[in-house]
Structure formats: C-alpha cells, structure tokens
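Subject: Structure handover and findings

Hello,

Please find the structure below. My notes on it follow.

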Amino acid sequence: MADLVYVNWYATILRQDYFAGEVSRMAPLALRYGATQYKVHINNDDRYKVTQMTWVPSKTAWYRYWDGPEMIEFRARTLQVQTVVKSF
C-alpha cells in the first residue's frame with residue numbers, strides 16, 4: 001500500500017512564484033526513487049503555501065528521495081526563500 005507524503009512548503013514574502021516553480025521542477029524527481037505519482041498545489045487562500053504531495057510505496061522510498069543529492073542541493077539553494085513542514 002502506498003503512503004502519501006504531504007510537504008507544506010512556505011515561501012518568503014515576494015518569492016512565492018519563484019519558489020512554486022522550483023518545487024514544481026523538483027517534484028518529478030521523486031519518480032526516480034520509486035514514487036508512483038506526485039502533485040504540487042499552490043494554495044489560493046495562503047499565497048505563500050505550496051503543498052507537494054508524493055505517493056511512495058514506503059517511507060524508505062520517500063527518504064531516498066528526500067535525502068537524495070538533488071533534494072539536498074534544492075533545500076540548500078532555496079534555504080533563503082522557504083520553510084518546510086512535512087507529514088505522512
């Protein structure tokens with residue numbers, strides 16, 4: 001049974017469009033790590049909230065993606081424009 005992982009990203013003021021684009025470019029990489037699908041939702045009520053949803057077969061698959069080199073580089077590169085809250 002697949003797990004659905006929600007990552008609630010919050011962009012800093014005036015950088016939400018840039019950050020939403022960056023999340024949208026990184027989300028498909030989860031497929032390389034075993035995810036079956038992904039979605040990125042830009043919240044209409046909270047302009048700074050971007051929700052990344054990823055369906056993975058296991059938590060191990062999720063952490064291979066989350067701790068992979070691409071996501072480490074992404075989080076380091078966007079550190080000044082984001083905050084993250086994730087949940088399973």
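Start with Lys39, which is partly exposed at a relative accessible area of 44%. (Buried means under 20% relative accessible area, exposed over 50%, and partly exposed in between, with a 1.4 Å probe and protein chains only.) This is a predicted model: local features need pLDDT of at least 70, side-chain atom pairs count only at pLDDT 80 or more, and totals for chains, interfaces and linings use all residues. Residues are numbered from 1 along each chain as its sequence is written, and side-chain values use heavy atoms, with hydrogens and water left out.

Lys39 and Thr51

Lys39 belongs to strand β2, residues 37-42. (Helices are DSSP runs of H or I with at least four residues, strands are runs of E with at least two, and both are numbered from the N terminus.) Thr51 is 12 residues from Lys39 in sequence, and their C-alpha atoms are 8.2 Å apart. Beyond its neighbours within four places in sequence, Lys39 is in contact with Thr51, Gln52, Met53 and Trp55. (Contact means heavy atoms within 4.5 Å.)

Thr51 also has a polar partner. The side chains of Asn8 and Thr51 make a polar contact at 3.0 Å. (That is a pair of N or O atoms within 3.5 Å; within protein, one must be able to donate a hydrogen and the other to accept it, and residues adjacent in sequence count only if both atoms are side-chain atoms.) Asn8 lies in strand β1, residues 3-11. Asn8 is buried, at 18% relative accessible area.

Aromatic pairs

How many aromatic pairs does a search of the whole structure find? It finds 7. (Rings of Phe, Tyr and Trp, the last by its six-membered ring, pair if their centres lie within 6.5 Å; planes under 30 degrees apart are stacked, over 60 edge-to-face, and the rest tilted.) Phe19 and Phe74 are stacked, 6.0 Å centre to centre with 25 degrees between the planes. Phe19 is in helix α1 (residues 16-26) and Phe74 in helix α3 (residues 69-77), so this pair ties together parts 55 residues apart in sequence. Both Phe19 and Phe74 are buried.

Trp62 and Tyr65 pair edge-to-face, at 5.3 Å centre to centre and 65 degrees between the planes. They are 3 residues apart in helix α2 (residues 59-66), which means a separation of about one helical turn. Trp62 and Tyr65 are both buried.

One aromatic cluster takes in Trp9, Phe19, Tyr33, Trp62, Tyr65, Trp66 and Phe74. The charged end of Arg75 sits over the ring of Trp66, 4.5 Å from its centre. (For this, NZ of Lys or CZ of Arg must be within 6 Å of the ring centre and within 35 degrees of the ring normal.)

The core

The largest nonpolar core has 20 residues. (Such a core is a set of buried Ala, Val, Leu, Ile, Met, Phe, Trp, Tyr and Cys residues joined through side-chain atoms within 4.5 Å.) Those with the most contacts inside it are Trp9, Phe19, Trp62, Tyr65, Met71 and Phe74. At least two core residues come from each of β1, α1, β3 (49-56), α2 and α3.

Overall

The protein has 3 helices and 4 strands. Along the sequence they run β-α-β-β-α-α-β. Of the 88 residues, 42% are buried.

Best wishes
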